[in-house]
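User: Hello! Could you walk me through this model, one question at a time?

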Amino acid sequence: MHIDLKFTVTTGVQYAQRTSDFASLDECKQRLATLVGQENGTLTFDQPDGSRVILATRHIVAVECESAGDR
């Protein structure tokens with residue numbers, strides 16, 4: 001299942017990522033909810049332009065998971 005993730009950080013900036021790491025939206029929401037505000041974690045995103053973004057989880061204020069269907 002392809003899922004679009006959207007992470008919002010303390011500055012209000014949003015980062016999006018598509019993943020197929022989760023079997024369902026519920027699993028995605030449960031696992032990612034534990035990352036919000038976590039002190040010593042990081043998430044790494046490869047951007048479409050080839051650059052890489054590393055987010056400190058302590059700056060994440062919200063995570064959204066949406067089904068990307070078969071796009």
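Analyst: Happy to. Helices (H or I, at least four residues) and strands (E, at least two) are DSSP runs, numbered from the N terminus. This is a predicted model, where local features need pLDDT of at least 70, side-chain atom pairs count only at pLDDT 80 or more, and totals for chains, interfaces and linings use all residues. Residues are numbered from 1 along each chain as its sequence is written, and side-chain values use heavy atoms, with hydrogens and water left out.

User: Thanks! In what pattern do the helix and strands follow along the sequence?

Analyst: The protein contains 1 helix and 5 strands. Read along the sequence, their pattern is β-β-α-β-β-β.

User: Which strand has the highest confidence?

Analyst: pLDDT is the predictor's confidence in each residue, from 0 to 100. The protein averages 87, and 97% of the residues score at least 70. Confidence is lowest in strand β3 (residues 42-46), at a mean of 85, while the highest mean, 91, belongs to strand β1 (residues 2-9).

User: What radius of gyration does the protein have, and what would a compact globule have?

Analyst: The radius of gyration is taken over C-alpha atoms, and the globule rule is 2.2 Å times the number of residues to the power 0.38. The C-alpha trace spans about 30 × 30 × 20 Å along its principal axes. With 71 residues, a compact globule would have a radius near 11 Å, which agrees with the protein's 12 Å.

User: What share of the residues is buried?

Analyst: A residue is buried under 20% relative accessible area, exposed over 50%, and partly exposed in between (1.4 Å probe, protein chains only). By that rule, the buried share of the 71 residues is 28%.

User: Is Val53 buried or exposed?

Analyst: Val53 sits in strand β4 (residues 52-56). Contact means heavy atoms within 4.5 Å. Leaving aside neighbours within four places in sequence, the contacts of Val53 are Tyr15, Leu43, Thr44, Phe45 and Gln47. Its relative accessibility is 18%, so Val53 counts as buried.

User: And Gly50, is that one buried or exposed?

Analyst: Gly50 belongs to the loop between β3 and β4. Its C-alpha atom is 24 Å from that of Gly69, 19 residues away along the chain. With a relative accessibility of 66%, Gly50 is exposed.

User: Which residues does Gln17 touch, not counting residues up to four places away in sequence?

Analyst: Gln17 is part of strand β2. At 22% relative accessibility, Gln17 counts as partly exposed. With residues up to four places away not counted, Gln17 touches Ile3, Asp4, Leu5, Phe45 and Asp46.

User: How far apart in space are Gln14 and Ile60, C-alpha to C-alpha?

Analyst: Gln14 is also placed in strand β2 (residues 14-19), and a relative accessible area of 45% makes Gln14 partly exposed. Not counting residues up to four places away in sequence, Gln14 touches Lys6, Phe7, Thr8 and Glu64. Gln14 and Ile60 are 46 residues apart in sequence, and their C-alpha distance is 9.5 Å.

User: One last thing: how far apart do the centres of the positive and negative side chains lie?

Analyst: Lys and Arg count as positive and Asp and Glu as negative, with His and the chain ends not counted. Each charge is placed at NZ of Lys, CZ of Arg, CG of Asp or CD of Glu. There are 7 positive and 10 negative side chains, and the distance between the centres of the two sets is 2 Å.
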